[in-house]
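This briefing covers the surroundings of a ligand and the charged side chains of one protein model. Please read it beside the sequence and the 3D view.

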Amino acid sequence: MTEAMIGAAPDVGLELRGVSLHYGGKRSWRRKAEPVRAVDGVDIVLGPGETLGIVGESGSGKSTLGRIAAGIEAPSAGSVRFRGEPYAAIGSAAWRRQRRSVQVVFQNPSQALDPRLSIAAQVREPMDAHGIDAGGGTVEAMLARVGLAGLGGRFPHQLSGGQLQRAVIARALSLSPDVIVCDEAVSALDVSVQAQILNLLQDLQAEFGVAFLFISHDLGVVRHVSHRIAVMRQGQIVETGLAAEVFARPQHPYTRALIAALPAASPAARRQRDARALASLLKA
Ligand SMILES: Nc1ncnc2c1ncn2[C@@H]1O[C@H](COP(=O)(O)OP(=O)(O)OP(=O)(O)O)[C@@H](O)[C@H]1O
Ligand SMILES: [Mg+2]
């Protein structure tokens, strides 16, 4: 995974070029409302087996970008390609095949699961829908792999938040995707549970080679899992690079401010970092 990949045009990964999505702008009784430029001219490439972290403050367009990358929403401009193929029209048969390869895991697992179905049934469901053989203990093996051995018979209300998110991950993985878009996937969990789920995602990546578009407002979390990072602000990517580089030498004042807002190890370290960030903001 190298920085050079950002500009590459691999026919293997997920590639967004010049992607925009503007909402609104409809005429009201008084005047034409300004459109919200939720995503505004974004280029990203996600290579096989890599994790690209997307960070930025609330409203910066992260989730909108994630929905476009997953093919849930079509951009108003620009192109999305997966393995060199443009995304098909939403709802078409080709689109359903592509959606199988690019799965999503959202913040709230209890909303993603059906309260009336057992966990095993919900892991099996997408496999049945795509005509994948779910027999021979496949579902049980998948549940065991995510740490839910023997819990397939339970219903969502009988699992903890962390266990529910494991079930959602198992369901996404059951389709052998190449990419999983994780939108605030651990944000609703306790810190200790967050760490367990992040470790699980990293283990699954090592085992299955799945790539993650890892969206989070939490820089600490993103730093932990990402190979590369893209920093979003007002729908645009203001900085991108290898995760360690971005954290060690942030180039954009906005990135410096985000890093300065991270809880520091000690008050002295935090003061020092705040002072540096302030100085760099003043210089900018
Ligand atoms: N369906 C929609 N219709 C109109 N505006 C929208 C829609 N979805 C998002 N927006 C607007 O687009 C902008 C980006 O929203 P988005 O949810 O992508 O941000 P985000 O970075 O994910 O924020 P958060 O960290 O709070 O989840 C916001 O101004 C939001 O209000
Ligand atoms: Mg969001």
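Which residue does Arg-145 meet in a salt bridge? Its partner is Glu-207, at 2.5 Å from N to O; a salt bridge here is a side-chain nitrogen of Lys or Arg within 4 Å of a carboxyl oxygen of Asp or Glu. This is a predicted model, in which local features need pLDDT of at least 70, side-chain atom pairs count only at pLDDT 80 or more, and totals for chains, interfaces and linings use all residues. Residues are numbered from 1 along each chain as its sequence is written, chains are lettered from A and ligands numbered from 1 in the order in which they are written, and side-chain values use heavy atoms, with hydrogens and water left out.

**Salt bridges**

- The count comes to eight salt bridges.
- Helices (H or I, at least four residues) and strands (E, at least two) are DSSP runs, numbered from the N terminus.
- Arg-145 is partly exposed at 25% relative accessibility, and Glu-207 is partly exposed at 45%. Buried means under 20% relative accessible area, exposed over 50%, and partly exposed in between (1.4 Å probe, protein chains only).
- Arg-67 and Glu-73 form a salt bridge of 2.8 Å, N to O. Arg-67 has a relative accessible area of 25% and Glu-73 one of 22%.
- Arg-249 pairs with Glu-245 in a salt bridge, with the closest N and O atoms 3.2 Å apart.

**A buried arginine**

- Arg-166, in helix H6 (residues 161-173), is buried yet has no salt bridge.
- The nearest side chain of opposite charge is Asp-203, 8.2 Å away; Lys and Arg count as positive and Asp and Glu as negative, while His and the chain ends are not counted.
- The Arg-166 side chain does make a polar contact of 3.4 Å with that of Gln-196. A polar contact is a pair of N or O atoms within 3.5 Å; within protein, one must be able to donate a hydrogen and the other to accept it, and residues adjacent in sequence count only if both atoms are side-chain atoms.

**Ligand 1**

- The residues around ligand 1 include Tyr-23, Val-36, Lys-62 and Arg-67, each with a heavy atom within 4 Å of the ligand.
- Helix H1 gives the most to this shell, with four residues.
- A polar side-chain atom of Lys-62 lies 2.8 Å from an oxygen atom of ligand 1.
- A polar backbone atom of Gly-59 is 2.8 Å from a ligand oxygen, and one of Ser-60 is 3.2 Å from a ligand oxygen.
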